[in-house]
Amino acid sequence: MIEFIPPGLILLCAALWVAVVPNHWHRLGLFVGPVLTLIAIWSVPDGVSLTAPFLDYELQLIEASPERRLFATIFATMAGVGALYAFKHARRLELACGFAYASGAIGVSFAGDLITLFLFWELMALFSTLVVWFGGTAGARAAGIRYAIVHLLGGVILKVGIEGVVVHTGSIDIQALQANNFDTYMMLLGILINAAAPPVSAWLSDAYPEASPSGSLFLSAFTTKTAVLALILLFPGTPLLIYLGVFMIMYGIIWALLENNVRRILAFSIVNQVGFMVVAVGIGTPMALNGATAHAFAHIIYKALLFMSAGVVIYHTGKEKCNELGGLYRTMPLTAFCGIVGALAISSFPLTSGFTTKTMISEAAAMQDLVWVWYVLAAASAGVFLHAGIKFPWYVFFQKDSGLRPKDAPWNMAAAMLIFVGLCFGIGIYPEPFYQLLPYPTEFSAYKPGKVIFYLQLLLFSGLAFFLLLPLMKRTNTLTLDTDWFWRKLGAKISERTTDVISRGYSKASHSVGAGISAALKPILPSSDPSKDSVPAWSIGTTALWISTLLSAYVLVYYW
């Protein structure tokens with residue numbers, strides 16, 4: 001029965017097919033794999049469906065629930081649409097790694113115990129690193145190494161926390177925990193690293209823009225959202241997450257406004273958007289958890305749409321800095337339209353998916369009398385409109401004429417973008433069927449007149465502010481660093497100084513050793529007179545004797 005096949009395993013097999021099958025037959029796995037995975041996801045009943053013994057424990061390989069199923073659904077959908085977007089230009093192994101990465105995310109979604117969750121967690125770290133490296137540049141290789149170090153460190157921290165919880169409770173089950181001791185704080189920290197919570201968020205803005213355009217698309221979807229699911233399952237209602245989420249929201253907005261690189265703008269925006277979900281998990285009520293789940297689902301769609309439109313621009317022009325782009329709407333109208341839809345959705349514009357999901361989180365804050373949180377979320381929506389809703393499409397597709405006249409998106413890229421455009425408007429215009437899939441029953445109505453008018457006024461005012469301040473927002477050819485300054489600047493200087501000290505020490509030691517050996521051999525070496533033009537050579541017999549002696553000594557030492 002298909003319900004007893006782990007859905008993540010199906011996609012992993014598709015990844016293997018893509019990697020090893022030659023010619024164009026590998027494309028069969030790109031499109032059949034995600035479809036079979038979706039069928040398996042919706043064939044799994046609620047509860048535990050598949051177990052396996054491991055040491056003294058019973059692993060729960062498949063445990064389904066509404067929120068788990070929704071996360072797995074959007075992960076599989078992202079894999080399929082991403083394959084459609086990338087199959088004509090991405091390398092086969094890159095697509096295979098992207099599928100294996102997505103299979104790890106689906107495995108985390110259905111993991112019913114901490115050990116299974118950790119195994120799939122590390123599978124994601126491995127293949128996401130490979131996706132970064134497929135960027136193919138020196139920057140991608142260096143960023144991939146930094147990315148791997150951060151995620152391996154995060155995995156170690158998470159593992160320490162899991163071991164502590166298992167030792168002290170005797171249970172490996174995934175259940176709601178309270179962050180009130182060393183074990184649970186270590187687990188929370190390990191998850192927050194994957195959620196890109198500052199100050200451990202620089203790996204995201206560092207690595208994602210260095211991947212290929214298709215690689216960035218896959219990276220934008222899985223790691224941070226599996227962290228959100230882990231928080232929903234393990235730490236709902238943790239007050240600390242409210243404050244941390246608010247900090248993430250404002251942090252992402254500020255750094256995205258300062259950034260010049262298109263994909264780094266979108267990367268910082270991920271930090272901002274995940275902050276909304278973290279706030280919702282911290283509130284912890286049914287409405288808030290519905291909002292976190294729904295917003296994670298919608299976020300993957302519109303963020304992928306933004307990365308796809310940016311990817312088309314990079315694919316055709318080779319440029320991704322705001323000061324190098326502009327005027328592309330003339331020859332790329334479809335790409336510009338799709339980018340604008342993604343920008344409106346991320347800004348919570350009415351009739352888009354962002355509005356019908358993000359307002360659930362604001363409603364949850366209001367229901368708990370968290371007035372200050374409600375105001376912060378409202379102000380943040382204006383900030384998001386500034387950096388992603390207006391800044392991204394304005395500098396890329398409008399502003400000055402850059403003189404670039406690239407072609408519009410190829411048919412496969414266009415089809416992938418239009419699928420997500422349809423989902424953005426579908427969930428935004430008619431959200432009720434989507435709300436029925438959420439983990440808790442809800443009668444939430446996004447389209448109350450007062451709420452719609454408020455958000456329209458807020459967004460229009462922020463748009464006016466953007467254009468009034470436009471002369472002060474001149475783009476320069478710079479790279480905005482946050483905490484990655486510690487390894488890009490400080491770490492590089494420390495490494496350079498350390499290498500210099502070691503090199504000089506090695507040089508002095510080599511000179512001293514060489515001088516000592518020369519002094520020791522001087523009595524038995526033939527003397528030479530520097531004043532003469534020639535130096536006497538050893539006889540062939542003497543040379544052979546020395547070589548034999550040295551070889552004999554080496555053999556005796558080696559086999560002693």
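A surface patch here is built from residues with over 30% relative accessible area and no salt bridge, and nonpolar side chains are joined within 5 Å. Keep that rule in mind for the first stop. The model is a predicted one.

One such nonpolar patch covers about 670 Å². Its members are Trp-17, Trp-25, Leu-28, Val-32, Val-35, Leu-36 and Ile-39. Helix H2, residues 26–43, gives the largest share, with five residues. Trp-17 sits in helix H1, which spans residues 7–20. The relative accessible area of Trp-17 is 37%, so Trp-17 is partly exposed.

Now step back to the whole chain. The protein chain has 21 helices and two strands. Of its 560 residues, 55% are buried. The chain exposes about 24200 Å², and carbon and sulfur atoms supply 69% of that area. Consider contacts between residues at least 6 apart in sequence: 81% of them join residues at least 24 apart.

Aromatic rings come next. A pair of aromatic rings is described by the distance of the centres and the angle of the planes. The structure holds 21 aromatic pairs. One of them joins Phe-31 and Phe-87. Their ring centres are 5.5 Å apart, with 80 degrees between the planes. The pair is edge-to-face, because planes over 60 degrees apart count as such. It links distant parts of the chain, 56 residues apart. Phe-31 belongs to helix H2, while Phe-87 lies in the loop between helix H3 (66–86) and helix H4 (92–110). Phe-31 is partly exposed, at 32% relative accessible area. Phe-87 is buried, at 8%.

A second pair has another geometry. The ring centres of Tyr-243 and Trp-372 are 5.6 Å apart and the planes meet at 25 degrees, so this pair is stacked. Tyr-243 is in helix H11 (residues 239–258), and Trp-372 is in helix H16 (residues 371–397). Tyr-243 is exposed, with 54% relative accessibility. Trp-372 is partly exposed, at 38%.

Aromatic residues also gather in a group. Phe-355, Trp-374, Tyr-375, Tyr-447, Phe-454 and Tyr-455 form one aromatic cluster.

Charged side chains meet rings too. Arg-69 lies over the face of Trp-42, 5.5 Å from the ring centre. Lys-358 lies over the face of Phe-276, and here the distance to the ring centre is 4.5 Å.

Last, look at the backbone. Most residues other than glycine have a negative phi, and most peptide bonds are trans. The peptide bond between Pro-198 and Pro-199 is cis, with omega about 10 degrees. Pro-199 is found in the loop between helix H7 (182–194) and helix H8 (202–207).

The loop between helix H14 (333–346) and helix H15 (353–367) holds Ser-348. Ser-348 is not a glycine, yet its phi is positive, about 65 degrees. With a relative accessible area of 0%, Ser-348 is buried. Leu-351 also lies in the loop between H14 and H15. Phi of Leu-351 is positive as well, near 80 degrees. Leu-351 is partly exposed, at 46% relative accessibility.

Notes
Residues numbered from 1 in each chain as written. Predicted model: local features only at pLDDT ≥ 70, side-chain atom pairs only at ≥ 80, totals over all residues. Heavy atoms only, no water. Patch = residues over 30% accessible without salt bridge, like charges linked within 9 Å, V, L, I, M, F, W, Y side chains within 5 Å. Areas by Shrake-Rupley, 256 points an atom, 1.4 Å probe, with all protein chains shown as cover. Salt bridge = Lys/Arg side-chain N within 4 Å of Asp/Glu carboxyl O. Helix = DSSP H or I, 4+ residues; strand = E, 2+ residues; numbered from the N terminus. Buried < 20%, exposed > 50% of the residue type's maximum accessible area, 1.4 Å probe, protein only. Contact = heavy atoms within 4.5 Å. Phe/Tyr/Trp six-rings, centres within 6.5 Å; stacked < 30°, edge-to-face > 60°. Lys NZ or Arg CZ within 6 Å of the ring centre and 35° of its normal.
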